[in-house]
Amino acid sequence: MNQDLNRDHGVGVCSAVVGLQWGDEGKGKLVDRMASEHDAVVRYNGGANAGHSVVVGGERYALHLIPSGILSSQVKAVIGNGVVVDPEVLLREIEGLRARGVDTSNLIVSDRAHVVLQYHKDEDNLREALLTAGGGSGAIGTTKRGIGPAYADKVQRSAGVRVGDLLRPEILREKIERACTYKRAATAEICRELGVESPAFDPGPVFERAVVLGRELEPMIDDTVYLLNGMIGEGKSLLFEGANATLLDVDHGTYPFVTSSNSSALGIHAGSGVPARALSRVVGVLKAYSSRVGSGPMPTELGDATGERIRERGREYGTTTGRPRRVGWLDLVAARYAAMINGTTELAVTLLDVLAGFDELKVCIAYELDGGRTERFIPDGHVLAGARPIYETLSGFGDEISDCRGVDELPGAARAYVERIEAFVGVPVCSIGVGPERSQTIETSAGVVG
Ligand code: IMP
């Protein structure tokens with residue numbers, strides 16, 4: 001019998017860490033902790049729009065493109081085909097890490113990942129400006145990192161540049177020239193409307209710079225689909241690191257106020273080339289309250305002093321843009337939906353310490369919409385905007401919990417809060433974050449209740 005046909009490719013050796021809200025759930029810290037138990041950490045979606053802060057030994061690292069696992073030596077850090085790579089940002093990040101003594105030789109970039117170039121960022125800016133112009137309410141509030149235009153070029157197929165193209169000057173030149181022609185045409189009307197001068201969209205300098213960037217990236221470029229499947233075939237384990245989070249998923253989030261990729265766990269397989277049956281563990285990361293950057297509905301948003309206090313205690317300012325994040329009470333309806341579509345096997349509740357000191361805590365358990373009540377999430381930005389949260393009120397916990405290292409050490413009300421999450425979402429909570437340091441985590445083997 002042909003041994004290759006008999007090989008049991010990819011049965012259950014992979015894990016994923018995915019945000020269950022609108023991003024910034026503290027995934028980076030968790031991935032960083034789990035990285036050492038895996039042979040590779042893999043990004044499968046998004047680009048430099050993501051921001052992960054990880055604190056190790058008192059030093060804060062802000063990563064955008066490089067998988068958080070880079071901080072664990074012996075682990076490969078893989079940027080998969082589903083990512084859109086801004087080579088300028090990537091190289092800056094590599095240099096920054098090297099300058100702080102971090103070994104980056106384990107970084108591998110898919111030759112099929114698409115490249116974000118300056119004209120994508122210019123187009124992102126112009127499209128957002130048009131949506132905002134005249135007080136329009138349609139702006140997405142993108143990170144202006146060129147994410148949407150780069151994915152649009154990929155799907156459009158006529159001028160999308162892949163990482164592998166950076167090493168093939170003839171194809172690269174042709175694609176960049178074509179892209180610049182399209183960009184000029186696509187944005188001419190927008191510029192007229194806005195009364196601004198059109199960016200140059202001059203292919204020459206873009207091409208020359210891209211060749212230089214390609215040369216620098218060359219040692220890291222590989223066919224990551226064969227690489228990852230080969231690792232699985234050898235019994236190695238992979239950890240997929242979701243960027244941007246579930247409620248920003250282009251198909252399943254609050255469209256159109258979403259990012260341009262499948263940022264839930266549903267994007268893992270297309271974005272890495274690893275088959276579905278390889279995934280056995282999906283950790284859903286759930287911040288103890290809600291936050292959101294950019295536009296779009298957030299039913300539990302707090303515009304008052306309570307919200308301000310959560311923002312300050314949680315240091316809720318964007319890693320990528322520095323923008324203050326919108327904050328609110330925990331939305332359990334959204335959490336249960338997100339857990340469902342990700343196939344979440346366990347929950348990691350993060351930033352519980354931020355909620356210390358409130359007399360009472362609220363969690364959203366249903367929405368009121370058009371005079372009725374629903375317990376279903378509404379994955380449409382415009383419809384969800386009309387939903388009002390229906391809250392359940394829980395007791396607050398007065399004491400700081402940052403030094404707690406076991407569930408039994410938590411104040412009763414903090415434990416009850418986590419138990420309510422577990423019961424409502426229907427997935428065990430296996431980790432509780434009580435502070436930014438790696439060590440400030442409570443592990444619970446079979447859930448808090450179980
Ligand atoms: P884009 O991904 O830059 O196109 O932005 C689309 C929307 O997703 C905006 O509301 C961004 O603020 C939001 N977004 C994208 N990536 C992240 C992230 O990693 N965390 C939080 N919000 C994000």
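**Close-up views of a predicted model**

Strand β11 (residues 279–287) and β15 run parallel and are joined by 5 bridges. This is a predicted model, in which local features need pLDDT of at least 70 and side-chain atom pairs count only at pLDDT 80 or more, while totals for chains, interfaces and linings use all residues. Residues are numbered from 1 along each chain as its sequence is written, and side-chain values use heavy atoms, with hydrogens and water left out.

View 1. Strands here are DSSP runs (E, at least two residues), as helices are (H or I, at least four), numbered from the N terminus. Two strands pair if DSSP finds at least two bridges between them. Val-283 stands opposite Glu-346 in β15. Strand β15 (residues 346–350) is also joined to β19 (residues 429–433) by 3 bridges, and these two run parallel. Across from Leu-347 is Val-429 in β19, and across from Ala-348 is Ser-431.

**View 2. The two sides of β15.** In a regular strand the side chains alternate between the two faces of the sheet. Glu-346, Ala-348 and Thr-350 point one way from β15, and Leu-347 and Val-349 point the other way. Because 5 of the 5 residues of β15 are buried, the strand is largely enclosed by the rest of the structure. Buried means under 20% relative accessible area, exposed over 50%, and partly exposed in between (1.4 Å probe, protein chains only).

**View 3. The open sheet of 10 strands.** The strand order is β9-β7-β5-β2-β10-β1-β11-β15-β19-β20, with mixed pairing. At the edges are β9 (221–222) and β20 (441–443), each of which pairs on one side only.

**View 4. His-38 in its loop.** His-38 lies in the loop between α2 (27–35) and β2 (40–43). The residue is buried, with a relative accessible area of 7%. Leaving aside neighbours within four places in sequence, His-38 is in contact (heavy atoms within 4.5 Å) with Ser-15, Val-75, Ser-237, Leu-238 and Leu-239. Its side chain reaches the backbone oxygen of Met-34 at 3.0 Å.

View 5. Among the 16 residues around the ligand (a heavy atom within 4 Å), Asn-49, Thr-143, Asn-244, Thr-259 and Val-293 come nearest. An oxygen atom of the ligand is 3.3 Å from a polar backbone atom of Ile-140. A backbone N or O atom of Gly-141 lies 3.4 Å from an oxygen atom of the ligand. The protein buries 96% of the 470 Å² that the ligand exposes when taken alone (Shrake-Rupley method, 1.4 Å probe).

Methods
A polar contact is a pair of N or O atoms within 3.5 Å; within protein, one must be able to donate a hydrogen and the other to accept it, and residues adjacent in sequence count only if both atoms are side-chain atoms.
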